[in-house]
Amino acid sequence: MGCPFRCMQLAAIPTRVGALPGCLSVAENSYYTLDMRDSETVSTGFHVEVGRFVTSDALARPELLIQASPTRIEYYAIDQWASDLGEMVQEKLQVEFGEAESPTYRIEGDILAFEQVDLDGGADAHVRLRVRGYDATQRRASEPLLRRTYDEVVPASEATPEAVVSALSDGLERIAVQIANDLSTL
């Protein structure tokens with residue numbers, strides 16, 4: 001896509017010729033978080049406690065991930081998550097489900113995809129979560145009542161980190177609605 005900030009930035013540029021002061025500049029990092037406002041799209045007659053969501057190795061880095069082709073990933077050089085991605089996903093889902101003072105269910109899971117997918121002339125945001133749901137009223141560890149992988153692809157308004165992060169937030173909100181619907185059938 002030709003964006004000068006997509007490839008990893010070099011820590012130093014070796015040169016034999018001295019650079020003039022002020023001629024070289026280093027771009028500052030940009031930090032992103034999910035939209036933590038409640039979308040008010042999840043409605044349940046029960047409470048959900050959101051547990052830990054673990055990232056895959058490729059998502060453990062602070063840089064935003066780009067699925068550049070079916071077999072190649074890249075990272076933005078200066079566009080990074082403001083904090084741990086797993087913690088942000090957990091917090092966003094808890095916002096969507098509301099406070100869980102006396103939870104009926106507890107969910108946790110794995111973040112399998114949380115990325116920009118490059119397309120000709122644009123980008124999609126792709127969210128895939130593997131979720132396990134438990135009866136929160138049981139104190140002992142139990143078998144999950146719910147095991148499901150949720151997958152959402154949301155078109156980004158443009159192929160920029162900010163637009164993709166906004167679309168990732170939308171995708172997570174859509175998944176929260178699906179989780180609530182599935183829990184309501186248990």
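Strand β3 is joined to strand β5 (residues 105-119) by two bridges, and these two strands run parallel. Strands here are DSSP runs of E with at least two residues, helices are runs of H or I with at least four residues, and both are numbered from the N terminus. The model is predicted: local features need pLDDT of at least 70, side-chain atom pairs count only at pLDDT 80 or more, and totals for chains, interfaces and linings use all residues. Residues are numbered from 1 along each chain as its sequence is written, and side-chain values use heavy atoms, with hydrogens and water left out.

- Two strands count as paired if DSSP finds at least two bridges between them.
- Strand β4 (residues 72-81) runs antiparallel to β3, and five bridges join the two.
- Gln 67 has Ile 73 of β4 opposite it.
- The link from β3 to β4 is a hairpin of two residues.
- Strand β3 covers residues 63-69, and seven of its seven residues are buried (under 20% relative accessible area, with a 1.4 Å probe and protein chains only).

**The whole chain**

- The protein chain has two helices and seven strands.
- Their order along the sequence is β-β-β-β-α-β-β-β-α.
- Of the 186 residues in the protein chain, 41% are buried.
- The accessible surface of the protein chain (Shrake-Rupley method, 1.4 Å probe) is about 10800 Å², and carbon and sulfur atoms hold 48% of this surface.
- Among contacts (heavy atoms within 4.5 Å) with a separation of 6 or more, 71% are between residues 24 or more positions apart.

Definitions and conventions: Buried means under 20% relative accessible area, exposed over 50%, partly exposed in between (1.4 Å probe, protein chains only).
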